[in-house]
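Here are a few friendly notes to read alongside the model.

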Amino acid sequence: MIRTSGLTKRFGRVLAVDGVDLDVRAGDRYGFLGPNGSGKTTTVRMILGLVYATRGEIEVMGQPMPKRARDVLPHVGALVEGPAAYPQLSARANLSLLDAAGPSSDAVSRRNRRQRIDTVLEQVGLASVGRRPVGAYSLGMRQRLGLAAALVGRPQLLILDEPTNGLDPQGIREVRDLLGGLNEAGTTIFMSSHLLAEVEQLCTRVGVVDRGRLVAQAELEELRGVTGRSLVRVGDPVRAVTLLDGRVTHRDDDRLVVTGLSVADLTARLVRGGVAVHEAAPERRSLEDVVLALTSHGSDRVDSGRLDPGRLDSGGSRRTGGHRRGRTADPTGPVPEPLDSPRSDASPPTRPPPEHPPMPAPPR
């Protein structure tokens, strides 16, 4: 679904993305991970043709990007950085304007637009407030609307940048269940997120990027390899510790971490000693352990004495060629109001024309 080869992006002297080779297969639930400023959002924007690569190749759905963007993007739904909308209009009106801006097909047309909008608002949990002005929405509701905008075109590929930003635990679970259901129905999911626990529950493959380089890409279970220790929950932990004779490296109430014994040998020894075993399994590394071992701290941390004047200005913004990357467009023009602030690894925004559509998304 997505392949990149030697994908590189420079902003002046700053090397934001450095030779990334992504491989996202059809049907994947792919998690794209890394600290702030590691190049995740810039990579996503290059995949979608929103930013040109300095060098390297990109293929989406077997087609070169951005050369074949007109053919590819109608089949892609995207939520990149913060969604945007006309605050004075309702969610339904915003989605209708967005959908009308793209090309029609048999599956996505004016005739079924109302039905599709009803469906996506129901999917993201906004059906009862679809006629309320978006300016009255909370951050979580606006994020749900951005997800609805990505889904309204019935995409084969979903590219999501922090899709659960601003959601409460219940909302995060709802989005996770929604994405899982879409994937089971045939939609490929590519998402970046800082919520490693959510990625661990949803994704089957992950890529980890650090300082612009892809430092790991594999099946999730492969990355979360066994540590050589065993986890066991027992009925009598005191007796179990005695029986195991110094092999217990950690105890938390009735849960023990044991080294030097396989799960089968550990269970047999405890049962022979009269200790009830409630659970036993090999210990695996958490995704958090894997990511922290592979990455450095993000760009939002600047230690004393390590400030690089060529890369950061006095406000903490990354510099490229003497200009701030975080500069915003003139707010006086009739453009959609951004619903969240841009991420630190985004490319410099440009002034959109007055007819700029709401919630920019791939044309269909």
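Predicted model: local features only at pLDDT ≥ 70, side-chain atom pairs only at ≥ 80, totals over all residues.

**Notes on a helix pair and its sheet**

1. H9 crosses H10 in the right-handed sense, meaning that the near helix is turned clockwise from the far one by less than a right angle. Residues are numbered from 1 along each chain as its sequence is written, and side-chain values use heavy atoms, without hydrogens and water.

2. On H9 the contact (heavy atoms within 4.5 Å) involves Ala240, Leu243 and Leu244, and on H10 it involves Leu266, Arg269 and Leu270.

3. Helix H9 spans residues 237-244 and helix H10 residues 263-272; they pack at about 115 degrees, with axes 10 Å apart. Axes are lines fitted to C-alpha atoms, for helices over the stretch in contact, and angles run from 0 to 180 degrees between N-to-C directions. H9 and H10 are therefore roughly perpendicular (65 to 115 degrees).

4. Now the sheet: four strands form an open, antiparallel sheet in the order S14-S15-S13-S16. Strands pair if DSSP finds at least two bridges between them. S14 (248-252) and S16 (277-284) are the edge strands, each pairing on one side only.

5. S14 pairs with S15 (residues 255-259) over four bridges, and Asp252 stands opposite Arg255 in S15.

6. Finally, H10 lies across S13 (226-234), S15 and S16, at about 155 degrees to S16.

How values were computed:
Helix = DSSP H or I, 4+ residues; strand = E, 2+ residues; numbered from the N terminus. Parallel < 35°, antiparallel > 145°, perpendicular 65-115°, else oblique.
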